[in-house]
Amino acid sequence: MLTPVIDPEGAPFWRYAAQGELRVQACADCGELRFPPRPCCPHCRSFGTEWRPVSGHGRVWSYVVPHPPLLPDYAERAPYNVIVVELEEAPHIRLVGNLVSEAGAPIDSLPVERVRIGAKVRFVHDPVSGLPQWVLERP
């Protein structure tokens, strides 16, 4: 399975996620939350940054069920979902991941028929890979 390419600006996001914590970059001056991480605030142009914890609650903004899977490791898991989650406290921030049955479950663990736009989800992490995952608020 593919692993994320980690650049210096995004490294803290992945480090916190591997610890089971969802944090996003914020401007240390104006407080605006931003994602993807970048060196300069697009609102006030400050270079001051900090990483703030967020609730990990959101909703499915969009999703796709890839057909056909293009990479062999993913073909073995098909069908699976890839979702875009809009964060509850920052709707302008959208994160990509998989909706799974429980933390650490494989990407094909939830039947694709259960994925719905607008469904409430919460962040979990895979304790083995450290990658962020999402589960339904009300299974």
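Guide: In this predicted model, cysteine 41 counts as buried, with a relative accessibility of 1%. The cysteine sulfur nearest to that of cysteine 41 belongs to cysteine 30 and lies 3.7 Å away, and cysteine 41 takes part in no disulfide. Cysteine 27 is likewise classed as buried, at 0% relative accessibility, and its closest cysteine sulfur, that of cysteine 44, is at 3.6 Å, which is too far for a bond. Because a disulfide requires the two sulfur atoms to be within 2.5 Å, neither the 3.6 Å separation of cysteine 27 from cysteine 44 nor the 3.7 Å separation of cysteine 41 from cysteine 30 qualifies, and the count of disulfides comes to 0.

Turning to the nonpolar core, the largest one holds 23 residues, of which Leu22, Leu87, Leu99 and Trp134 touch the most other members. Two or more residues each come from helix H1 (11–18) and from strands E1 (23–27), E5 (82–87), E7 (120–125) and E8 (132–136), with E5 giving the most, at 3 residues. Once neighbours within four places in sequence are set aside, leucine 99 is in contact with Asn81, Ile83, Ile107, Leu110, Val115, Val121, Trp134, Val135 and Leu136.

Technical notes: Residues are numbered from 1 along each chain as its sequence is written. This is a predicted model: local features need pLDDT of at least 70, side-chain atom pairs count only at pLDDT 80 or more; totals for chains, interfaces and linings use all residues. Side-chain values use heavy atoms; hydrogens and water are left out. A nonpolar core is a set of buried Ala, Val, Leu, Ile, Met, Phe, Trp, Tyr and Cys residues joined through side-chain atoms within 4.5 Å. Buried means under 20% relative accessible area, exposed over 50%, partly exposed in between (1.4 Å probe, protein chains only). Helices (H or I, at least four residues) and strands (E, at least two) are DSSP runs, numbered from the N terminus. Contact means heavy atoms within 4.5 Å.
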